[in-house]
Amino acid sequence: MQTKIRALLLPLIIIFLATLPVSAQDTAPNLLVLAPARTPADLMVLRSLHPMPLARFTLSGQEWLLLRLTPAQQSTLAARLPTASRIAQVPASASLFLLDLTALPPGSSPPADWSLYGRHLWQHGSIHLLQSTPAQLAPLLQRGIRLIPLDTAIALTTPHPALAPAPTVPDPTIAATLEQLLPTALATWDRKLSGEEWVRIGDSDIKFTSRYSWSSLGRRSERYVYERVQAMGYDVAYAPYTTPYNDTWRNVVAEIPGALEPDKIVMLVAHLDSISFPLDNASTQAPGADDNGTGAASLLAIADLLRDQHFAYTLRFVWFTGEEFGYWGSKPYVGNLAAHNAQVIAAIDMDMFGYDGDQDRVMEMHTGTLDANNQLGDTLTASNQLYDLGLTIERKTTTASRFSDHRSFWDNGYPSLMLIENFFDNSEEDPHPRDRNPQYHQSGDTIALVDFDYAVRIARMALAAAMHLALPVSLDDLPTPTVTPTPLPLACSELLSNGGMEQDGDWSFGTTPRPAGTSQAQAHSGLRSLRTGIVPPTANAISHSSAYQGLQLPADAASIRLRFWLLADGADANDTSEALLLRSDLSVLKLLWRQQAHTEGWEIHEIDLTSWAGQSLYLYFNTYNDGSGSRAWAYFDDVSVIACTPGTASPTPTASPSPPATTTPTPTQMPTSTPTLTPTPTITPTPTITPTPTLTMTADPSSTATPTPTPPPTCQEQLINPDFETTSGWTFAHTASRGDYSREQAHHGLRSARLGLLPTQNAPLSRGPERNLLGELAPDGATYSTVYQAISLPATAETLQLRGWFWPQTQATADDWQRILILDPDTLRGLRTLHNDLQALPQWSAFVYDLSAFRGREIILYFEVYNNSTSASGRSWLYIDDLHLTSCSAGVTVTPTPTLALGSRLYLPLLSHTHSVP
């Protein structure tokens, strides 16, 4: 009886411990600061502080970051970025939320007294920042105010490949595909999604009269899309996440893997959920045929159309959920992409584009002010023109809204934009009065108000742009690809051993009546997985079934992410599966995840562990059975804990950068023998656990000291992508004569960088007077073409040398220029002019510059071509290739390799990649 009582109480004790207040950790209050993020130099300063960035804003047309800093970090930031402004001081454990009032439902108004809902910290326009709790904010959520938890850090920068220039000629393959995307296809899918027709899910027939996220219909809409896309022949996956109210919802993900460079990803996304106000009947009366049946249906129709096509890059489709409450599905999903340095080229967000009451075919494209987003906008605008889609586009830059899932991509530095019907008005960027669906967020948002001829034009524009970016290919013409890993700005390493469960060892299993173990009955990849719980026909029992492994989380990590795949079944009201962090004494530090064990296939889970950097912990998986009713069991596979620390380059992370589309097998009830295990420590009030042996260095008694020769100087490459063969490292400013990677000329390899205007180029469209990175203003009609990279030069370098090759060309005799500068990243002023001339050379020429004076400093290496006119005569241009900024330092004395004491184990971290100097 005592054993049974202890087993029943243990889950309650764990819950109690996991929810204890953390006031003891609040010894050092944090400061909330707004800091500029307008230039690479701004971001370099911020990265050097290793802050916790929480959100990104566009304020008065400029990009700003909300940071959580210690007082020491804030003091340093104030000295280096005086324009940064302090907002408030908050406890280290404070829960922060952004509240978005951009598009309130009819009849709703902002609160008159914010103090009823928490501590109001800051406001800009329709955005408010509060220190509060989900419970306090629940009444506002009921009123239709979007609630965005700032519980995890966003990325300061994300290394993504440069966007290709907007197309200038139509592609026959794309044109033929667009003709097959018909209004009737969108209508068919939208009728099913909005409850006009019965649909089959599993063995049931239902109508989606609502896709409200908190309703059972909302959960079943996830499964419906999953099953329909799977029937198209795609490998499809759920990407579950936990809401601020501890509900588990799921995004649905499918993709066409890239045939040449699958790590580069083009994304088409739409939110699946719907809502209607008042919320009393939202669970059954929120058809959302326009918002966002049009976007979700378009994504289904496009996926169906492209099922047999192939692309050079991966084309990924994501149906997000939870958008109507605060982008709850896209926020963790895109945050995970950034944490794993996924190379997202672009994401096109399709949200509500079915109503065109005045039949003028006007729609809005929200790009914001950043160059990469506007270049993506150029690609969509060109697609509208090249394929004669007949749309009138209002592009929103300084007046762009963030009230859809593109916000999550913007926050993490990925190029993205939103497509929507003529929703807004009253701005200089919106000359046409708004023509918004009059049943927006109401139960009358039905198929009767959707103009599918209008909607298909927007869907075709998104499809054309995505195909241009992903590059259609024929598999018959493809050589066997050799993909070169792209250097990344963070050094990442795997902290967990045997996360695939393919070997014995590394994991400890609790000695309980029904112990956990590895199993070949199910596997997400490979042959084995970790099994917890009781799989029939093993007899039921009151038991925990646990596995755990020790972790040392590095103190200097910029991000630490736990990732695992789960397949679970069984369970009754009292049976659960869970993941916890335990302290070194096996007491509970944090309940990371818990749910009643049942999934419809393999699910991926992502959890941020950065808050516990510097601690020695245990990762603990467990399934609890209460001994009565049904049995619960779970399989865990491909478990990974990736820590990324600041650095100049890194290998490709061990974990895949984002949830891959993986075939989801149906769980089968297969007999699994209970493993016979060596007794190991159990999670009890008095655990006995053998500590991990420490490294012990022993001297060789027979050795004698001998002089150790000093090795030659060690040299390292400081540039990312010095030969321009990949698309990382360099930034090409988005100007009328934007530079780019080029195959027209190369000193070595396949590519170089090209700046300026070739005589054969069409005259670019002027965007008005341009400024370069230094802030210099060109007159209207003149244009800059620049490429640059921010670099932190080591203080220990004895020599710093920049060398490379360039090929300058010009038709002009004066007024144009070709120059190379070193800029100060704080002020963006020139520190040194390395080259400033106007030349036309017959061949590639070498240059060498000594930069030793800049050791220990952060600089921007900057190349520029200026054309005082874009006319076809008198143009100037420049090719650059094989650049190397080499730092060399004196060698160090080689020390003997330490001898390990018997029984100890040495784990070697993944080494950061550095470019060797030929």
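How are α11 and α13 oriented to each other? The two helices are oblique to each other, a term for angles that are not under 35 degrees (roughly parallel), over 145 (roughly antiparallel) or 65 to 115 (roughly perpendicular). This is a predicted model, in which local features need pLDDT of at least 70 and side-chain atom pairs count only at pLDDT 80 or more, while totals for chains, interfaces and linings use all residues. Residues are numbered from 1 along each chain as its sequence is written, and side-chain values use heavy atoms, with hydrogens and water left out.

**Helices α11 and α13**
- The axes of α11 (residues 371-386) and α13 (residues 452-470) come within 8 Å and cross at roughly 120 degrees.
- The crossing of α11 and α13 is right-handed.
- In this contact (heavy atoms within 4.5 Å), α11 contributes Leu376, Thr379, Leu380, Ser383 and Asn384, and α13 contributes Met461, Ala462, Ala464, Ala465, His468 and Leu469.

**Helix α6**
- Leu186, Ala187, Trp189, Asp190 and Leu193 of α6 (residues 183-193) are buried, that is, under 20% relative accessible area with a 1.4 Å probe, protein chains only.
- The elements covering these buried residues include α7 (216-231), α8 (293-305) and α13.
- Gly195, which follows α6, has a positive phi near 85 degrees.

**Strands β23 and β24**
- Strand β23 (residues 517-519) runs antiparallel to β24, and three bridges join them; strands pair if DSSP finds at least two bridges between them.
- Within this arrangement, Ser519 stands opposite Ser529 in β24.
- Strand β24 (residues 529-533) is mostly covered, with five of its five residues buried.

Methods. Axes fitted to C-alpha atoms, helices over the stretch in contact; angles between N-to-C directions. Helix = DSSP H or I, 4+ residues; strand = E, 2+ residues; numbered from the N terminus. Left-handed = near helix turned anticlockwise from the far one by under 90°. Buried < 20%, exposed > 50% of the residue type's maximum accessible area, 1.4 Å probe, protein only.
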